[in-house]
Amino acid sequence: ASLGEKDRFNLAGCDVGCVWAFAGEKSVPATAANVEVARKFLSERGSLGWTDLDRAVVAARAKASGGTQVVYVGDGIVTASGLKSGTKGTDGTKGNKKSEATLHAVSVGNTVDATSLKTIAAQGGSVRAISGEMTPQKVALELLNEVTQPGLRDVQVEFRGVPVAAVYPAKLPNLVPGVPLVVRGRYRGNPSGGIHFDGRQASGAAWQGRAEAIASATSCQR
C-alpha cells in the first residue's frame, strides 16, 4: 500500500518450489490492479508445510536487477534443503552472473531459525521481527524507510594497524538510524592505529569516519 506506480514488484510463494504472482514478468508496476492481483494470490495460496530456502533465494535472484530489494518473510526454518556452506542462494551469484540484489529477512512466529535469517540478511540487508508491538504494518514501514532513506549505504570498514581475520559480515548492510551494526572478527597482538569507515549518505555524498582501536580484555582476544 505504500508503493507508488513508479515502483515495481513481484511476489512469490515458496515451499519446495516457487510460484510467482506474475510468472511471466521480472517485476510489474505497483498499480492498484497489480496490488489486488498480489493480494488475491496470497489469499488463495496454500502451504505444503516445508521450505527449500536455497531454491527460494536463487529464484528471487534470477528475477532481480540492479537495485532490487529482496524481502524474505518467514521463520527461516529449513525442512526440504539447507543453506549449505557456499550457499548457492546467498553468495550473490547464479552461475557466473553476479546479482545486484540486497536481501532482507522478516521473521514471523514464535519459533525461528535466527542463523538462516541472518545468513539471508548478510547480503547487504537487515533482519526484523514481527512480534508484539512490532506489527506487520510497522515492520513494513521501517523496512521501506531503510530502503529509501538509509543513514549510510555502501558501508565499508578498514582496520589500520590491527591485524584481523574472519571478519563478519563480509558485506555490510545499510546503516539505519536506531539499528546497531555489529562487526565481528578476530585480531592478533596489541592493536594500534584505528578503524576507518566509509559510506554514502542518502544524498549520495561520501562519508568517512574513524574510531580508535580498543582491545577487549579477554584471553581469546576477539
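Me: Which residues does Lys-171 touch, not counting those up to four places away in sequence?

Reply: With those left out, Lys-171 touches Ala-101, Ala-122, Gln-123 and Gly-124. Each of them counts as touching because it has heavy atoms within 4.5 Å of Lys-171. Keep in mind that this is a predicted model.

Me: What makes Lys-171 partly exposed?

Reply: Its relative accessible area is 44%. Buried needs a value under 20% and exposed one over 50%, so 44% lands in between. As for its place, Lys-171 is in the loop between strand 11 (164-168) and strand 12 (184-187). Its C-alpha atom is separated by 9.9 Å from that of Ala-121, and the two residues are 50 apart along the chain.

Me: Let's stay with strand 11. Why is Ala-166 called exposed?

Reply: The relative accessible area of Ala-166 is 63%, and exposed means over 50%, so the label holds. Ala-166 lies in strand 11. Its phi is near 55°, which is a positive value in a residue other than glycine.

Me: And His-196, how do you know whether it is buried or exposed?

Reply: Set its 16% relative accessible area against the 20% limit: the value is under it, so His-196 is buried. You'll find His-196 in strand 13 (residues 194-200).

Me: What makes the link between the side chains of His-196 and Arg-160 a polar contact?

Reply: The two side chains come to 3.3 Å. The cut-off for a pair of N or O atoms is 3.5 Å, so this pair passes. Arg-160 is also among the residues that His-196 touches, a list including Gln-156, Val-157, Glu-158, Gly-209 and Arg-210.

Me: On to the rings. Why are Phe-9 and Phe-22 called an aromatic pair, and which kind is it?

Reply: The structure holds 1 aromatic pair, and this is it: 5.7 Å centre to centre, with 85° between the planes.

Me: How do you know that the charged end of Lys-63 sits over the ring of Trp-20?

Reply: On distance, the charged end is 5.1 Å from the ring centre, and the limit is 6 Å, so that part checks out. Lys-63 itself is found in the loop between helix 2 (53-62) and strand 5 (69-74).

Me: Why does Lys-63 have no salt bridge?

Reply: Glu-25 is the nearest side chain of opposite charge, and it is 7.8 Å away. A salt bridge needs 4 Å or less, so Lys-63 goes without, buried as it is.

Me: Which backbone oxygen lies 2.8 Å from a polar atom of the side chain of Lys-63?

Reply: That of Glu-25. The backbone oxygen of Ala-23 lies 3.4 Å from a polar atom of that side chain. Beyond four places in sequence, the residues touching Lys-63 include Asn-10, Phe-22 and Lys-26.

Me: How many helices and strands does the chain have?

Reply: There are 4 helices and 14 strands. Of the 222 residues in the chain, 31% are buried.

Methods
Residues numbered from 1 in each chain as written. Predicted model: local features only at pLDDT ≥ 70, side-chain atom pairs only at ≥ 80, totals over all residues. Heavy atoms only, no water. Phe/Tyr/Trp six-rings, centres within 6.5 Å; stacked < 30°, edge-to-face > 60°. Lys NZ or Arg CZ within 6 Å of the ring centre and 35° of its normal. Helix = DSSP H or I, 4+ residues; strand = E, 2+ residues; numbered from the N terminus. Buried < 20%, exposed > 50% of the residue type's maximum accessible area, 1.4 Å probe, protein only. Lys, Arg positive; Asp, Glu negative; His and termini not counted. Polar contact = N/O pair within 3.5 Å; in protein donor to acceptor, adjacent residues only side chain to side chain.
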